[in-house]
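Please bring up the sequence and the 3D view side by side. We will walk through the fold together, one stop at a time.

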Amino acid sequence: TVKHELILGKQDAIEQDLKNLEFNASNCFSQAHPILTRLASEGDAEAQFMLGRIYSGLWNGHEDKNISLRWYIKALEKFKKSAEMGNVTAQVNVAEIYTWLPGPHDSERIKWLTEAAKQGEPTAQFKLGSIYKNRKEYVTAIEWLTKAAEQSHIEAQYELGMTYNRMARATSESDKVRNFRQSEFKAVEWLKKAAQESHSEAQYE
């Protein structure tokens, strides 16, 4: 059965229900979809956001980019107002929506993740760090990944370990980056922390 919190349209409960039911997609979709659709049609931004995620490919067999885009745009209008008022969850959601919208929106993603990360939100710090890591801006990446990792964000701990690992092997980086050359022990430290939290890739490393 669908939880009472899901019926109320609370985002955290919706998220948890999706995770709990994800491995039984046919059942969870038939249960959650009509409720989410009703809430989204009534203007519930969290439900609109979740429908956008579902149709972006969250559940196998229910991917429809056009429907996903429609719900994401509706949610964006509402979330952005809250984000501009400093709501951390809305800021993270706005950043994620920009990930799925057509066209380059890197500046908007970074803007809103930075706003949330400055307020101490670990998921925003992790995502921001990952963006800078992919850009090979390792010093900035480490700054944000460390903040998230110190809040026990497991994925951030793994990414931080791998970033230190890569920097320790760098051969043509700036002087500032070369200061991390002796940072193998940092890589081991953070990968070990992630492994202790059952991160499978960290355990492999």
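A word on the model comes first: it is predicted, local features need pLDDT of at least 70, side-chain atom pairs count only at pLDDT 80 or more, and totals for chains, interfaces and linings use all residues. Residues are numbered from 1 along each chain as its sequence is written, and side-chain values use heavy atoms, with hydrogens and water left out.

The chain holds 13 helices and 0 strands; here helices (H or I, at least four residues) and strands (E, at least two) are DSSP runs, numbered from the N terminus. Of the 205 residues in the chain, 45% are buried, where buried means under 20% relative accessible area, exposed means over 50% and partly exposed lies in between (1.4 Å probe, protein chains only). Contact means heavy atoms within 4.5 Å. Among contacts between residues at least 6 apart in sequence, 50% join residues at least 24 apart.

Gln48 has 2% relative accessibility and so counts as buried. Setting aside neighbours within four places in sequence, Gln48 is in contact with Ala40, Gly43, Trp71, Lys74, Ala75 and Lys78. A polar atom of the Gln48 side chain lies 3.4 Å from the backbone nitrogen of Ala75. Ile73 is 25 residues from Gln48 along the chain, and the C-alpha atoms of the two are separated by 8.8 Å.

Moving along, Val88 belongs to helix H6 (residues 88-100). Not counting residues up to four places away in sequence, Val88 touches Ala116, Gln119 and Glu121. With Gln119, Val88 has a C-alpha separation of 7.3 Å across 31 residues of chain.

Now for helix packing. Two packed helices are described by the angle between their axes and the distance between the axes. Axes are lines fitted to C-alpha atoms, for helices over the stretch in contact, and angles run from 0 to 180 degrees between N-to-C directions.

Helix H8 (residues 122-134) and helix H9 (residues 138-149) have axes that come within 7 Å and cross at roughly 160°. H8 is therefore roughly antiparallel to H9 (angles under 35 degrees count as roughly parallel, over 145 as roughly antiparallel, 65 to 115 as roughly perpendicular and the rest as oblique). Residues in this contact include Phe126 and Lys133 of H8 and Tyr138 and Trp144 of H9. The contact residues divide into 9 nonpolar, 4 polar and 2 charged, with Ala, Val, Leu, Ile, Met, Phe, Trp, Tyr, Cys and Pro counted as nonpolar, Asp, Glu, Lys and Arg as charged, and the others, Gly among them, as polar.

H8 also packs against helix H10 (residues 154-168), at an angle of about 25° and with the axes 10 Å apart. H8 and H10 are therefore roughly parallel to each other. Phe126, Ser130 and Lys133 of H8 meet Glu155, Ala156, Glu159, Met162, Thr163 and Arg166 of H10. That contact divides into 3 nonpolar, 2 polar and 4 charged residues.

Which residues does Lys133 touch, not counting residues up to four places away in sequence? They are Tyr138, Ala141, Glu159, Met162, Thr163 and Arg166. Lys133 is buried, with a relative accessible area of 10%. Its side chain makes a polar contact with the side chain of Glu159 (2.8 Å); a polar contact is a pair of N or O atoms within 3.5 Å, and within protein one must be able to donate a hydrogen and the other to accept it, while residues adjacent in sequence count only if both atoms are side-chain atoms.
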